[in-house]
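Please walk through this model with the structure open beside the text.

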Amino acid sequence: MKVLVVSDNHGSAEELQHLVERHQEDLQCMIHCGDSEFDYDAEEMTPFQLRVRGNCDFDNRYPNEISETIGSKTIFATHGHLYNVKMTLMKLSYKAEETNADLVCFGHSHEALAVYEDGTLFLNPGSVRLPRQPSIKTYAIVEWSDSKVTVTFYDEEGTVVNDLSSSFTI
């Protein structure tokens, strides 16, 4: 299974359009972790099967969080501001346990991160508009096989960011 995860484009449609065009053919799911600043049903958001509300999204139709099974994997997505992700992943790890999540997707900090703990992948794709750490614009694709999960980070041009990308044995 292959899943694209993006967050924090803050009103920029161009970045979203490019990455959707670049990858949509070979994905099972696209996730937006909030702060799109678009209405829920905006054309820019329709490719994203899972999309949540960030602290800069004002359309109340976005859920604050969502848990859904795609293929054989349970995905939990939230923006992260309600889980204090800039300080710790503890609240998210409790939620992952509660929802039996295989993948927890979040944004908010604008910092790319992939951590695999106790059978759950915690993924922040960074920001495609206003990155903090690293200072390059990023999004991610997660791919599962029988024995490993691979997280590949991409920059705004669609080039793999090897320093951030990683694989984990499952």
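Two strands are said to pair if DSSP finds at least two bridges between them. Helices (H or I, at least four residues) and strands (E, at least two) are DSSP runs, numbered from the N terminus. The model is predicted: local features need pLDDT of at least 70 and side-chain atom pairs count only at pLDDT 80 or more, while totals for chains, interfaces and linings use all residues. Residues are numbered from 1 along each chain as its sequence is written, and side-chain values use heavy atoms, with hydrogens and water left out.

E7 and E8 form a hairpin with two residues between them, and aspartate 118 in the turn has a positive phi of about 50°. The two strands are antiparallel and pair over five bridges, with valine 115 opposite phenylalanine 122 in E8. E8 also pairs with E6, here in the parallel sense and over three bridges; cysteine 105 stands opposite leucine 123 in E8.

How many of the residues of E8 are buried? Five of its five residues are buried, and the strand is mostly covered. Buried means under 20% relative accessible area, exposed means over 50%, and partly exposed lies in between (1.4 Å probe, protein chains only). In a regular strand the side chains alternate between the two faces of the sheet. In E8, Thr120, Phe122 and Asn124 point one way, Leu121 and Leu123 point the other way, and all are buried.

Alanine 114 belongs to strand E7 (residues 113-117). Alanine 114 counts as buried because its relative accessibility is 19%. Contact means heavy atoms within 4.5 Å. Neighbours within four places in sequence aside, alanine 114 is in contact with Leu121, Phe122, Leu123, Val151, Phe153, Ser166 and Phe168.

A further sheet is open and has six strands in the order E3-E2-E1-E9-E10-E11, with mixed pairing. Its edges are strand E3 (50-51) and strand E11 (166-169), each of which pairs on one side only. E1 pairs with E2 in the parallel sense over four bridges, whereas four bridges join E1 to E9 in an antiparallel arrangement. Valine 5 stands opposite alanine 140 in E9 and opposite isoleucine 31 in E2. From E1 the chain crosses through H1 to E2, and this β-α-β crossover is right-handed (with the strands pointing away from the viewer, the path from the first strand over the helix to the second runs clockwise). On the E10 side, strand E9 (residues 138-144) and strand E10 (residues 148-155) are antiparallel and pair over seven bridges. Alanine 140 has phenylalanine 153 in E10 as its bridge partner.

E1 is largely enclosed by the rest of the structure, because five of its five residues are buried. Lys2, Leu4 and Val6 lie on one side and Val3 and Val5 on the other, so both faces are covered.

In helix H1 (residues 13-23), Glu15, Leu16, Leu19, Val20 and His23 are buried. They are on the same side of H1 because they cover an arc of only 125° around the axis, the arc being that of the directions from the helix axis to the C-beta atoms. Strand E1 (2-6), strand E2 (29-32), E9 and E10 are among what covers these buried residues. Glutamate 21 also lies in helix H1, but glutamate 21 is partly exposed, with a relative accessible area of 49%.

A nonpolar core is a set of buried Ala, Val, Leu, Ile, Met, Phe, Trp, Tyr and Cys residues joined through side-chain atoms within 4.5 Å. Which members of the largest core touch the most other members? Of its 24 residues, they are Ile31, Leu123 and Val151. The elements that give two or more residues to this core are E1, E2, strand E5 (73-78), strand E6 (103-105), strand E8 (120-124), E9 and E10. A second, separate core of 16 residues includes Val6, Val128, Tyr139 and Tyr154.

Threonine 138 lies in strand E9 and counts as buried at 1% relative accessibility. Its contacts, neighbours within four places in sequence aside, are Ala112, Pro125, Gly126, Ser127, Val128, Phe153, Tyr154 and Leu164.
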